[in-house]
Amino acid sequence: MITALTASGALVFTGFSLNATQKQVALSEQGQYTDRYTKAVEQLDQTGPERLQTRLGGIYALQRLAADSPRDQPTIVNVLGTFISSTVHRADTAADIRCPDRIAPDIQAAFTVLTTRDHAHDTDTAPPAAGQLDLRGACLARGRFVGADLRGADLTRATLKWADLTRARADYADLTEVDLTGATLDDTNLSMARLPRAHLGGAQMSETYLVSAKLTGADLRSANLVQADLGSATLTGASFGEAVLIGADLGGADLTAADLSGARLDGADLTGARLHGARLVGASHDGTRVGHTATDHATTGRWW
């Protein structure tokens with residue numbers, strides 16, 4: 001009996017010792033994570049072109065920390081989002097209207113880390129990858145935002161010329177309710193991107209690639225879409241009032257209930273487009289191709 005009690009006591013003691021050891025290890029790990037986080041943030045705070053490599057080191061250190069400590073990922077998302085918002089070059093004023101021809105490497109790296117993270121480690125309180133960012137006037141030319149989450153971001157007057165926002169594997173670029181009013185999107189690749197209820201009024205979108213993009217309820221009034229490719233795009237309920245669509249490809253697009261009042265459709269291709277309930281009153285149509293388009297009694301302004 002004494003031997004059994006002694007053995008039981010030893011086991012209990014050992015259990016307490018192991019538990020204490022595990023707690024010490026956990027505390028040690030958290031201390032290491034805190035040190036790594038602090039050092040990475042300090043690296044991000046280094047300014048100037050000569051500190052580019054230091055900032056890149058901080059960005060990738062945060063990426064590794066998010067993988068090693070999933071509980072810290074929401075905080076890291078916030079930090080990188082703030083870094084992008086506060087660092088990106090902007091052309092907000094008349095005295096600063098020129099943007100660099102290419103996005104800065106550290107801004108691109110931060111975007112890439114945000115959009116390639118493991119979303120399973122996000123929490124309900126974590127913001128989207130780049131959503132709610134203040135990117136007004138941001139210079140993001142030639143940026144690669146494949147599968148980026150830009151829901152609700154403010155990109156008013158931003159420059160995204162030659163940018164790539166196509167999908168990555170099963171992930172689509174999500175620009176739901178994004179504000180791109182007056183933005184420059186010439187030659188931007190938005191193929192299969194999601195832009196429902198996006199604000200694109202007055203945007204420059206000549207030769208923009210929007211094949212199979214989702215623009216349900218989007219505001220494209222007065223936008224410049226000269227020779228843009230909107231083939232098979234979903235444009236249900238979109239507003240194109242006074243938009244310039246000269247030479248644009250709208251073949252196979254779904255324009256159900258879309259408003260094209262006063263739009264310039266000269267030379268545009270509407271072959272196979274669905275125009276049920278669409279409004280075409282006052283739209284110019286010199287040389288517009290309309291073969292096999294689908295209309296109904298609610299379509300107004302039809303000229304063919």
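Me: What relative accessibility does Glu207 have in this model?
Reply: A heads-up before the answer: the model is predicted, so local features need pLDDT of at least 70 and side-chain atom pairs count only at pLDDT 80 or more, while totals for chains, interfaces and linings use all residues. Residues are numbered from 1 along each chain as its sequence is written, and side-chain values use heavy atoms, with hydrogens and water left out. Buried means under 20% relative accessible area, exposed means over 50%, and partly exposed is anything in between (1.4 Å probe, protein chains only). Glu207 counts as partly exposed, and its value is 44%.

Me: Which segment holds Glu207, and what is its phi?
Reply: Helices here are DSSP runs of H or I with at least four residues, and strands are E runs of at least two, numbered from the N terminus. Glu207 sits in the segment after H4. Although Glu207 is not a glycine, its phi is positive, at about 60 degrees.

Me: What is the relative accessible area of Ser212?
Reply: Ser212 also has a positive phi of about 60 degrees without being a glycine. You'll find Ser212 in the segment after H4. Ser212 is partly exposed, with a relative accessible area of 26%.

Me: How far does helix H2 reach from its first C-alpha to its last?
Reply: H2 covers residues 52-68, which is 17 residues. The expected span is 1.5 Å times one less than the number of residues. That expectation comes to 24 Å, and H2 is close to it, with a reach of 24 Å.

Me: Which residues of H2 are buried?
Reply: As background, an α-helix has 3.6 residues a turn, so residues three or four places apart point the same way. Go along H2 and the buried ones are Leu52, Arg55, Leu56, Gly58, Ile59, Leu62, Leu65 and Ala66.

Me: How many of the residues of H4 are buried?
Reply: H4 is residues 105-115, and the buried ones include Ile107, Ala110, Phe111 and Leu114. Part of what covers them is H2 and H3. H4 is mostly covered, and the buried count out of its 11 residues is nine.

Me: At what angle do H3 and H4 pack?
Reply: Two packed helices are described by the angle between their axes and the distance between the axes. Axes are lines fitted to C-alpha atoms, for helices over the stretch in contact, and angles run from 0 to 180 degrees between N-to-C directions. The axes of H3 (residues 73-87) and H4 are 10 Å apart, and the angle is about 150 degrees.

Me: What is the handedness of the crossing of H3 and H4?
Reply: A crossing is left-handed if the near helix is turned anticlockwise from the far one by less than a right angle, and right-handed if clockwise. For H3 and H4, the crossing is left-handed.

Me: Which residues of H4 make the contact with H2?
Reply: The axes of H2 and H4 come within 10 Å and cross at roughly 5 degrees, which makes the two helices roughly parallel. Contact means heavy atoms within 4.5 Å. H2 brings Leu52, Arg55, Leu56, Ile59, Tyr60 and Gln63, and H4 brings Pro105, Asp106, Ala109, Ala110 and Val113.

Me: Which residues does Pro100 touch, beyond those up to four places away in sequence?
Reply: Pro100 is in the loop between H3 and H4 and is partly exposed at 39%. Pro100 and Ala141 are 41 residues apart in sequence, but their C-alphas are 7.3 Å apart in space. Leaving out residues up to four places away in sequence, Pro100 touches His89, Cys139 and Ala141.

Me: Which residues are linked with Asp134 in a network of salt bridges?
Reply: A salt bridge is a side-chain nitrogen of Lys or Arg within 4 Å of a carboxyl oxygen of Asp or Glu, and the structure holds 14 of them. In one, Asp134 meets Arg136 at 2.8 Å, N to O. Asp134 is partly exposed at 28%, and Arg136 is partly exposed at 38%. Linked with Asp134 in the network are Arg90, Arg136 and Asp154.

Me: Which residue forms a salt bridge with Asp269?
Reply: The closest N and O atoms of this pair are 3.9 Å apart.

How values were computed:
Parallel < 35°, antiparallel > 145°, perpendicular 65-115°, else oblique.
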